[in-house]
Number of protein chains: 4
Amino acid sequence: MFDKLKEECGIFGIYSMDNNEALAFPTAVGLSTLQHRGEESCGIAINDGGIIVNHKDVGLVNSVFKPHILEQMPTGKMSIGHVRYSTTGDPKKENAQPMVIRHAKGNLAVVHNGNLTNALELREELQKNGAIFNSTSDTEVICYIIARERLKTHSIEDAIVNAMKYIKGAYSLLVMTSQKLIAVRDPNGFRPLCMGKLNGKDIVFSSESCAINIVGGDFERDIKPGELVVVTNNEVKSIDARNNAKETLCIFEYIYFARPDSTINGLNVHKFREEAGKYLSIQAPVDADIVAGVPDSGLDAALGYSKHSKIPYDIAFVKSKYIGRTFIQSTQKTRKAQVALKLNPIKTTVEGKKIVLVDDSIVRGNTLRRLIKTLKKAGAKEVHLRIAAPPFIDVCYFGTDIDSKENLIACQKSIEEIREEMGADSLEYLDLENVKKIVAEYGIKDFCAGCFTGKYPIEVPKEIKKDKFEKIF
Amino acid sequence: MFDKLKEECGIFGIYSMDNNEALAFPTAVGLSTLQHRGEESCGIAINDGGIIVNHKDVGLVNSVFKPHILEQMPTGKMSIGHVRYSTTGDPKKENAQPMVIRHAKGNLAVVHNGNLTNALELREELQKNGAIFNSTSDTEVICYIIARERLKTHSIEDAIVNAMKYIKGAYSLLVMTSQKLIAVRDPNGFRPLCMGKLNGKDIVFSSESCAINIVGGDFERDIKPGELVVVTNNEVKSIDARNNAKETLCIFEYIYFARPDSTINGLNVHKFREEAGKYLSIQAPVDADIVAGVPDSGLDAALGYSKHSKIPYDIAFVKSKYIGRTFIQSTQKTRKAQVALKLNPIKTTVEGKKIVLVDDSIVRGNTLRRLIKTLKKAGAKEVHLRIAAPPFIDVCYFGTDIDSKENLIACQKSIEEIREEMGADSLEYLDLENVKKIVAEYGIKDFCAGCFTGKYPIEVPKEIKKDKFEKIF
Amino acid sequence: MFDKLKEECGIFGIYSMDNNEALAFPTAVGLSTLQHRGEESCGIAINDGGIIVNHKDVGLVNSVFKPHILEQMPTGKMSIGHVRYSTTGDPKKENAQPMVIRHAKGNLAVVHNGNLTNALELREELQKNGAIFNSTSDTEVICYIIARERLKTHSIEDAIVNAMKYIKGAYSLLVMTSQKLIAVRDPNGFRPLCMGKLNGKDIVFSSESCAINIVGGDFERDIKPGELVVVTNNEVKSIDARNNAKETLCIFEYIYFARPDSTINGLNVHKFREEAGKYLSIQAPVDADIVAGVPDSGLDAALGYSKHSKIPYDIAFVKSKYIGRTFIQSTQKTRKAQVALKLNPIKTTVEGKKIVLVDDSIVRGNTLRRLIKTLKKAGAKEVHLRIAAPPFIDVCYFGTDIDSKENLIACQKSIEEIREEMGADSLEYLDLENVKKIVAEYGIKDFCAGCFTGKYPIEVPKEIKKDKFEKIF
Amino acid sequence: MFDKLKEECGIFGIYSMDNNEALAFPTAVGLSTLQHRGEESCGIAINDGGIIVNHKDVGLVNSVFKPHILEQMPTGKMSIGHVRYSTTGDPKKENAQPMVIRHAKGNLAVVHNGNLTNALELREELQKNGAIFNSTSDTEVICYIIARERLKTHSIEDAIVNAMKYIKGAYSLLVMTSQKLIAVRDPNGFRPLCMGKLNGKDIVFSSESCAINIVGGDFERDIKPGELVVVTNNEVKSIDARNNAKETLCIFEYIYFARPDSTINGLNVHKFREEAGKYLSIQAPVDADIVAGVPDSGLDAALGYSKHSKIPYDIAFVKSKYIGRTFIQSTQKTRKAQVALKLNPIKTTVEGKKIVLVDDSIVRGNTLRRLIKTLKKAGAKEVHLRIAAPPFIDVCYFGTDIDSKENLIACQKSIEEIREEMGADSLEYLDLENVKKIVAEYGIKDFCAGCFTGKYPIEVPKEIKKDKFEKIF
């Protein structure tokens with residue numbers, strides 16, 4: 001619909017050195033800061049003296065956790081929370097997280113960002129042994145495997161380490177038991193996960209560092225690939241379960257998913273995008289009057305392009321922050337107005353100008369095509385489209401919503417055809433080689449760029465099987 | 001709070017001989033008619049060409065299934081629905097039904113009325129084999145056992161028959177698969193379950209016959225204890241899995257739970273209560289001016305008492321149908337008014353009169369005490385309390401909310417002490433022998449009266465273990 | 001739709017001898033008790049130190065005044081509240097009351113039960129002098145006239161006395177200013193209004209006495225026709241503005257509108273209905289097995305019929321208290337079920353019986369026709385319909401919703417034709433002469449029976465003009 | 001609370017050349033685009049064949065006009081809509097607009113942006129002649145005066161022209177009758193109002209041109225000060241009622257209120273702000289590493305400052321778009337986190353830098369002080385605060401919420417004291433002379449800058465009288 005790739009999830013958790021803290025409040029603020037990683041449903045589980053109290057629902061954090069709900073939630077020693085997207089037709093309420101389950105040795109609350117590559121195989125195997133599933137989410141599979149391994153081990157952390165031998169793919173997890181809060185990142189570190197301190201002592205885990213800042217904490221470090229950070233008895237320990245896997249963060253976290261004020265693996269996201277703009281200006285220069293970004297995701301790269309090319313940066317669009325999807329869809333029902341856009345060009349800025357228009361990526365291109373049309377209508381003389389990432393040519397198996405090549409314009413058309421369809425006067429995508437140069441400067445040697453190359457760092461399924469088990473509402 | 005025992009659940013389902021019927025509507029009306037069996041949460045699952053679509057939430061049927069929700073629900077060939085209470089502190093949303101699960105051989109939607117006596121043992125055994133639980137409800141245990149047995153059998157009905165060897169206690173179930181709708185009643189027939197026809201051909205299952213009437217159908221028969229009624233391919237077949245168990249319906253279904261217009265095991269509920277009133281007038285006659293019932297549950301017995309004793313029946317109270325719990329509770333917050341009651345005496349009826357006041361039962365007696373006080377304030381000369389059931393002296397293991405003797409006034413005090421506390425001029429309870437006589441006339445030889453005798457038709461746990469696994473909201 | 005006449009409104013107010021009382025709570029309970037007089041919208045205005053805080057909305061009292069709203073409302077010294085119906089197509093939110101207005105000498109909060117006969121004339125006259133109207137309600141007209149008269153007088157009570165010379169028709173009012181709470185009843189006393197004491201000292205006004213009882217107060221007396229009761233400075237005074245008008249209470253308050261536990265002009269409503277049943281049994285005896293009332297409005301008269309005729313009283317129907325209009329309407333959308341009814345016959349009671357079926361009145365008769373059909377289907381041998389009121393033959397100008405003869409079956413058909421359409425074996429209406437006898441025993445000499453006779457105690461408009469000024473939602 | 005001045009209102013309307021158009025949809029999109037002018041309540045009135053249907057409530061446009069509401073609204077020929085703020089303690093629901101009233105000659109729906117300077121005098125005068133008021137809004141006063149004048153004139157437009165002799169102050173109005181849609185701007189043109197075409201023929205009126213663009217229309221021209229544009233019978237005519245008044249648009253529309261993509265009186269708002277930044281860099285240069293704006297209102301001026309000073313523009317803050325007021329307030333309730341801010345600095349951008357921080361204005365400065373603190377914490381070496389407007393030194397009488405000098409920091413402290421309180425290394429405000437230069441380039445000779453000078457273009461009241469008539473909820 002909105003022509004952007006969707007991250008599937010964001011996770012956040014707090015372990016307080018004190019007891020009986022009102023953790024629902026900062027957890028909700030943290031989740032709200034991560035809301036760009038998942039707008040569909042959210043939830044928070046509080047560990048109140050060993051009892052896990054869970055509240056989750058479909059909706060944004062500020063709608064599911066209205067003040068009177070936050071006030072009703074118990075105080076506690078630990079909390080975990082989750083925001084998520086889901087792909088079309090997927091169950092909704094049932095798949096909201098945290099998932100809280102009971103197993104032979106106790107209770108478990110789990111939040112998960114990522115996607116398993118062998119979830120269906122694991123599910124079928126478990127079902128053959130009598131398992132039943134209440135949802136279609138990978139998280140329930142993870143819970144089952146942990147519970148199964150827990151029967152053979154002496155601690156939940158050992159059970160998780162064992163489970164990591166079976167579950168394949170991308171997973172950043174927070175696992176809460178009656179006594180422990182455990183952060184886990186898969187051996188490849190596909191999805192980000194970091195930790196920090198609040199009030200100088202309490203432990204905070206977050207998908208992105210920005211949420212740690214917003215709740216008033218201090219970022220400390222990323223969780224390492226294959227690492228478990230276990231917090232219990234007010235102490236923190238680290239377990240290494242990496243097994244020599246290669247670190248391959250999803251490069252799209254830098255390109256689009258993460259917030260510009262987050263820093264992942266030592267590289268700030270705004271900085272990455274500015275650099276992407278710079279390299280784009282070197283790789284694809286153009287004679288123009290102004291450089292403008294598509295708000296908000298193209299602004300950082302546009303600034304980088306401008307700085308390096310010396311073509312003045314300007315503000316070409318104003319974003320209507322109050323107009324939501326529903327409204328835009330509802331306008332389609334009437335002859336009296338065209339389908340509205342969230343972006344309106346500033347005529348004064350663009351009239352008579354040659355414009356470099358920078359965006360982060362193109363999925364189907366519907367919105368970009370219409371934006372360029374409005375720029376031309378507002379008097380732009382030329383629009384040179386610059387994309388601060390390579391073209392999408394393959395699906396993602398690690399937790400985003402590109403599950404089919406059908407919707408990827410770059411799988412259907414040549415770059416020249418895309419340019420024509422967009423109505424742009426020229427079009428260039430950033431080379432993958434340039435992406436590599438940017439991250440190399442920050443010591444990052446490898447990453448997952450499967451969606452740009454069709455080559456994945458770990459084995460992937462031959463086909464993406466759709467689960468026909470559907471429950472709606 | 002409201003001084004009445006609570007039934008835990010009601011269930012309702014339809015199998016249509018046609019496809020693509022708007023089953024959500026009549027299912028919701030059926031559930032609304034059964035709402036007295038459970039006011040806390042409700043849900044409906046529709047089988048739409050093998051896909052099970054489920055909607056459930058906390059709230060009354062007419063609030064969870066508002067017209068726009070009913071219209072969004074798909075048409076289908078089968079539906080099942082559920083209304084439920086839950087005991088204090090219990091999980092709410094998670095325990096709402098239908099429960100829809102996926103197992104090795106397909107999907108299963110289940111609704112359940114009753115309570116297992118060995119749920120904890122079964123759960124522990126399953127957990128030792130790696131099972132995880134998403135809820136604390138017995139229904140998830142039942143699903144697990146059915147799924148486990150399904151691995152060893154050739155059909156879902158065989159799996160259910162096998163499962164019935166393991167699950168003990170009270171259960172009336174509706175089980176929906178992609179092709180089948182199956183009604184199951186435990187071998188003792190603790191909870192009612194009956195079937196009827198809609199439009200002369202479609203099959204309807206319901207906890208009580210009144211819901212079949214209200215949707216415009218015709219009652220056909222009770223499901224027999226230990227019987228499975230399987231509807232598939234537009235045909236109905238019956239399987240007997242009773243194994244010589246003794247039929248022992250919960251006698252409290254007649255006394256209070258069921259609606260007066262329902263007929264269970266051949267005996268109409270209104271008729272039972274009228275007879276109870278008649279026997280009460282024989283057993284405990286009194287010289288009085290009028291007989292009045294406590295609305296609504298004491299009215300039928302009051303009429304029976306009046307008819308036989310020739311003391312005129314009259315209407316002593318008006319019920320405020322718009323005042324809910326919340327209101328009554330909110331009045332406690334202000335000095336300006338006493339705690340309101342839903343019942344207001346008609347002064348003209350009661351002033352200067354000797355009154356026989358009939359109610360169905362006494363749990364703690366708080367409301368009755370205050371009612372008698374208002375009668376006296378309105379000028380009643382004498383109030384003779386007559387209870388159309390024996391005193392509660394023990395807990396229930398089969399699906400109601402008496403889980404502790406603490407709240408039972410008859411466990412704490414003698415009848416004379418209760419009379420005094422109630423402020424009544426005399427007090428009598430109906431003898432169990434008289435209850436036996438009433439049902440015997442309708443060929444009913446045995447029933448469960450454990451709450452009146454402490455003797456239960458099947459083995460019960462030594463103690464009621466409370467599950468500490470708690471999730472709220 | 002539901003085949004019953006609708007009262008337009010109920011009003012309730014409290015004047016506390018203390019300051020800063022949480023009056024919202026008891027006012028809401030009082031309104032909830034009067035909810036049968038108006039289910040569409042409601043509101044409460046609190047006088048908090050001279051500042052009038054008003055909250056009103058469409059919905060039942062327990063939905064508009066949820067606990068968190070009640071808690072947000074300020075404490076105060078006085079409160080007034082209102083429940084209302086509105087006729088189809090009428091403005092809703094705008095017409096909700098209390099109406100709070102500002103005029104030259106201060107503020108005024110007003111609630112009104114009744115209907116003016118000269119509202120349109122007054123409105124047109126006011127408009128010709130520059131008035132504008134925000135609503136179509138008579139209440140705004142009343143406010144204008146009071147405000148206009150206030151300019152010429154020294155007190156609000158004098159202004160009201162003056163205003164009463166201009167406004168014609170039915171009006172029971174509560175008027176709240178910064179210092180005063182004033183109850184007003186029109187000179188004919190068309191609509192009831194009474195007062196009582198709460199906690200032995202605070203003053204309560206209510207449309208019906210039952211609401212005074214339910215909030216824990218004691219009924220004191222009716223407001224007299226043409227009387228103003230002014231409460232200010234913790235003192236009560238009475239002003240007589242009757243001007244020799246004849247008292248003519250709407251007789252339908254006894255027949256249907258008021259609650260059986262209310263007493264109006266010294267006659268208890270339940271008592272009236274029982275007497276109506278008695279006279280009906282004398283006037284229209286029948287050889288039958290049982291007498292049953294249509295719940296809830298026919299039950300009292302049925303009891304009276306039974307007592308006098310010695311034909312046993314029985315319970316023929318169970319009412320589904322959870323099924324609302326929306327549900328019943330939604331069942332019309334599906335082939336799978338007939339349109340549901342709120343009433344289900346008890347087969348055991350009616351099978352093979354000759355039944356006297358008593359109801360309070362017939363408007364269009366749609367529900368009665370279907371009820372009699374279900375009785376016959378359940379096996380009733382004969383159904384003799386007895387109506388505890390005369391037939392409706394004309395419209396009402398005084399605050400109910402009969403605004404056209406079209407919907408009155410008795411204007412279209414003979415009694416024999418109605419009997420046939422109802423499917424009854426016989427049909428009789430109570431004679432007006434018998435109604436007169438009943439009230440005469442209680443010293444009531446005159447009343448308004450215009451809907452039964454076409455003769456009205458005061459002048460009425462030649463036609464009921466519909467206001468075309470419409471605002472919805 | 002949020003340290004920004006609030007505009008009181010935005011208005012929008014459509015006159016369709018066709019009948020029965022679904023005008024609710026584009027009107028809602030237009031209002032949503034104007035939502036920055038008022039977030040508290042909103043409403044739309046549709047003229048459906050002469051019947052005016054009105055829906056309004058407290059809440060954002062996308063919450064009050066959810067899709068099912070928009071679909072229920074009738075089609076029509078004309079529509080008007082409104083968004084509004086209200087000042088603290090003010091009535092809410094009652095003051096929502098459109099106001100729909102009935103007067104002697106018909107109905108009137110009115111929306112209003114602005115504030116009258118003689119509303120209280122007019123109200124008192126009207127009340128002395130018997131008027132009553134349902135609200136405290138100036139709009140009701142305007143309606144009264146128009147209705148009064150309508151009695152003496154032959155058309156509504158004549159009545160409005162007459163009324164304009166009595167009402168003083170700022171008012172941009174849309175007036176809808178059964179046949180006409182009329183746009184009115186006060187003779188000084190304090191508030192903006194413009195018109196455009198939709199689909200090449202339908203007439204659109206809007207507070208700002210951006211809303212015309214977003215619904216797909218084309219901006220045509222500003223309504224002139226003192227002009228009435230009357231649309232009726234599918235024709236447009238203009239009436240001049242200016243009476244030689246001087247045009248004095250509120251300069252703060254350019255500085256902060258209006259959207260950057262709007263053009264008012266020929267000057268684009270983004271352009272104005274960029275120029276303000278340029279002049280600020282000339283007036284108050286500083287040796288720095290980067291220029292950054294406070295999102296979103298300081299961005300345009302920051303860009304202007306950067307362009308002219310050649311100091312690089314950068315992005316210093318990321319805005320949390322999902323975190324609302326409620327959340328920020330709720331964080332105050334817990335020890336575990338500081339009060340959250342919506343803006344988080346990008347450490348990489350600011351660390352070790354001398355920063356020019358540009359914002360549009362300072363009211364109390366609370367947020368700015370905390371922002372500068374976070375910049376310093378993130379490593380900023382110096383922060384030079386530049387304000388793209390003069391200091392506020394007096395109240396506003398023309399439709400914004402500065403009604404007292406108490407909350408204006410520049411009335412309490414010297415610029416040096418403010419600098420110190422803000423924690424800035426230097427602080428400069430744009431000179432009013434520079435503001436004059438900017439607008440003079442676009443032919444704008446005069447404007448209202450009363451809040452910066454204490455000198456107002458028309459007479460103002462000696463004191464702002466607070467109306468004590470309060471109704472909440």
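The model described here is predicted, so local features need pLDDT of at least 70 and side-chain atom pairs count only at pLDDT 80 or more, while totals for chains, interfaces and linings use all residues. Residues are numbered from 1 along each chain as its sequence is written, and chains are lettered from A in the order in which they are written.

Helices are DSSP runs of H or I with at least four residues, strands are E runs of at least two, and both are numbered from the N terminus. After α4(B) comes G130(B), with a positive phi near 100°.

Further along chain B, helix α9 (residues 269-283) packs against helix α10 (residues 299-309) at an angle of about 50°, with the axes 6 Å apart. Axes are lines fitted to C-alpha atoms over the stretch in contact, and angles run from 0 to 180 degrees between N-to-C directions. The two helices are therefore oblique to each other, the class left once angles under 35 degrees (roughly parallel), over 145 (roughly antiparallel) and 65 to 115 (roughly perpendicular) are set aside.

In chain D, helix α5 (residues 138-150) and helix α6 (residues 156-163) pack at about 120°, with their axes 8 Å apart, and are therefore oblique to each other. Here I145(D), I146(D), E149(D) and R150(D) of α5(D) meet I156(D), A159(D), I160(D), N162(D) and A163(D) of α6(D). Contact requires C-beta atoms, placed from the backbone, within 7 Å. This contact has six nonpolar, one polar and two charged residues, where Ala, Val, Leu, Ile, Met, Phe, Trp, Tyr, Cys and Pro count as nonpolar, Asp, Glu, Lys and Arg as charged, and the others, Gly among them, as polar.

Between chains, 61 residues of chain A are in contact with 61 residues of chain D. Helix α1 (residues 24-33) of chain A gives the largest share of the chain A side, six residues.

Note on methods
Contact = placed C-beta atoms within 7 Å.
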